[in-house]
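The structure is shown first.

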Amino acid sequence: MKDFVKLFNTIDQTTKTNAKVEALALYFKNASDADRIWTIAILSHRRPRRTVTTTLLRTWAAEYGNLPLWLFEESYHVVGDLAETIALVLPKPLKQSNHPLSYWIEYIKALKDVEEEEKKVAILQAWNSLGHEARFIFNKLITGGWRIGISQKLMVRALSKFTGIEENLLAHRLMGNWDPSSTSFDELVLSENPLDDISKPYPFYLAYALEDEPVDLGQPEEWQAERKWDGIRGQIIIRKKEIFVWSRGEELITDKFPEFNSLVDALPEGTVLDGEILPFKDGKVLSFNVLQTRIGRKNISKKTLETAPVVLVAYDLLEFEGQDIRHESMAERRKKLESLLDSYRHESLLLSPVVKFSDWDVLKKEQKDSRAHNCEGLMLKRKDSPYKIGRKKGDWWKWKVEPLTIDAVMIYAMRGHGRRANLYTDYTFAVWNGDELVSFAKAYSGLKDTEFQEITRFVKQNTVERFGPVRSVKPELVFELAFEGINRSKRHKSGVALRFPRMKRWRKDKSASEANTLDDLLNLLNLYGQ
């Protein structure tokens with residue numbers, strides 16, 4: 001465990017990308033195969049399942065640290081991280097073990113079907129044999145609340161440095177349905193046949209946000225414009241008469257969308273499509289809110305299929321007749337995609353239409369009209385660009401519409417997490433309905449640290465009631481909230497739900513009485529919602 005702890009500390013204490021890559025490459029060089037595969041799993045979000053509840057961990061830690069539970073809970077709210085709080089309150093260990101990372105992961109996994117008292121004994125034994133930093137890592141592993149300052153992209157770069165294998169090959173090998181418990185480092189990383197696993201998707205090409213005027217991109221004829229759809233980015237793979245549907249988050253979601261199963265017979269062998277999974281009914285795209293009714297469901301009922309049917313709006317072709325064509329220009333891939341979908345028609349498969357424009361001013365009007373098409377803006381893609389890996393600047397840009405905004409009153413505040421654990425940063429907002437304030441949204445991002453500090457002083461001085469870590473406050477502060485969309489909701493008292501709400505600015509120039517009303521929200525709903 002000490003080597004992984006050293007790696008974590010090195011990564012945590014630097015913001016330099018090259019230093020992180022060097023540290024990880026050195027770790028891979030010295031680690032055992034078992035530790036290597038689990039480190040890759042942790043950094044690509046394949047962590048062991050939780051085998052002990054956080055309630056039990058808090059209770060045992062308070063007891064072992066000789067603290068009343070209420071004091072432990074208060075400490076947790078101040079520290080903001082459960083794993084760190086536990087590590088801080090425990091007494092010094094009786095001994096220091098030298099077991100590797102993989103040992104402790106198997107140790108945690110073995111607790112799955114163990115009785116509660118045996119779990120307690122096992123956890124106390126672990127705490128008693130690990131130093132403070134190792135305890136922190138152990139607690140992170142068992143709670144699953146893992147955050148480490150290195151992306152999968154940087155991990156791939158470090159693996160490439162260690163193995164000498166090209167980054168694009170490694171990125172492809174790490175995707176797919178592999179299990180660190182049954183896959184060896186050699187099988188996953190050193191294999192010379194990454195396509196042997198027919199289910200594996202290609203790494204997604206991601207766009208940067210366009211912040212300047214599109215005229216700075218050059219001549220309009222060099223670019224293709226499409227709608228930026230608001231759904232689930234996904235790849236559909238047809239290989240060896242099987243279908244696999246992957247989300248951008250590397251989650252295999254084939255069973256969530258049975259509408260696509262018949263594509264096995266509708267599309268030719270060796271086809272991989274990149275596109276957007278969208279709710280679609282009666283010839284039009286529905287809101288993301290409709291799609292949310294299917295996300296997270298274990299079983300998709302017949303009623304769900306009727307009320308929230310989906311299609312894949314395809315905008316790229318990555319594999320054609322079994323050949324990887326990502327190196328070809330976007331214009332060439334587009335021609336093949338159009339020909340493919342024209343020859344093989346299916347009710348659950350649509351072609352993402354090109355937005356025609358003669359100059360940038362014409363396209364700007366199309367961009368401003370995006371919400372009428374139930375989309376977030378436009379995608380701009382250079383016609384001669386290959387399909388790259390990850391987020392690269394220059395060839396693909398997302399040009400989003402300006403967010404919707406509303407002025408709201410803060411009525412509740414809660415402490416943040418991590419470095420903001422001592423600040424009140426998570427707020428609940430309300431608008432006026434007559435003389436009553438009706439809550440409708442929560443937000444925690446968008447302000448500067450100095451503003452959070454000022455608001456925290458206000459919260460402490462103007463608390464009306466306390467509910468654990470939450471405080472209700474005097475309704476005096478007004479904030480302008482920005483959000484991407486608005487929809488009807490039966491779960492909220494206001495009757496509306498916002499998509500991606502965040503604080504755009506603190507309206508110190510406004511009093512609470514000048515905040516918007518529920519009618520203003522409903523007007524936005526009528527204009528832009530469903």
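In this predicted model, the residues that line the largest cavity divide into four nonpolar, five polar and five charged. The points below begin with that cavity and then turn to the helices.

**The largest cavity**
- Two cavities of 30 Å³ or more are counted, and the largest cavity holds about 200 Å³ of space.
- Its lining is made up of 14 residues, of which Asp230, Asn374, Glu484, Gly485 and Tyr528 are the closest to the centre of the largest cavity.
- At least two lining residues come from each of α14 (288–292), β11 (375–382) and β20 (485–488), and β20, with three residues, supplies the largest share.

**Helix α3 and the residue after it**
- Helix α3, which spans residues 33–43, is mostly covered, with nine of its 11 residues buried.
- Among these buried residues of α3 are the charged pair Asp35 and Arg36, together with Ile37, Trp38, Thr39 and Ile40.
- Histidine 45, which lies just after α3, takes a positive phi of about 65°.

**The contact of α1 with α9**
- The axes of helix α1 (residues 2–12) and helix α9 (residues 132–143) come within 10 Å and cross at roughly 85°; α1 and α9 are therefore roughly perpendicular to each other, a term that covers angles of 65 to 115 degrees.
- On the α1 side, Phe4, Val5, Phe8 and Asn9 take part in the contact, and they meet Glu133, Ala134, Phe136 and Ile137 in α9.
- Sorted by class, the contact of α1 with α9 has six nonpolar residues, one polar and one charged.

Conventions: Residues numbered from 1 in each chain as written. Predicted model: local features only at pLDDT ≥ 70, side-chain atom pairs only at ≥ 80, totals over all residues. Heavy atoms only, no water. 1 Å grid on protein atoms, 1.4 Å probe; cavity = no way out; pocket = protein on both sides within 12 Å on 5 of 7 lines; lining within 4 Å. Points joined across faces, edges and corners; volume = space filled by probe spheres on them. Helix = DSSP H or I, 4+ residues; strand = E, 2+ residues; numbered from the N terminus. Buried < 20%, exposed > 50% of the residue type's maximum accessible area, 1.4 Å probe, protein only. Axes fitted to C-alpha atoms, helices over the stretch in contact; angles between N-to-C directions. Parallel < 35°, antiparallel > 145°, perpendicular 65-115°, else oblique. Contact = heavy atoms within 4.5 Å.
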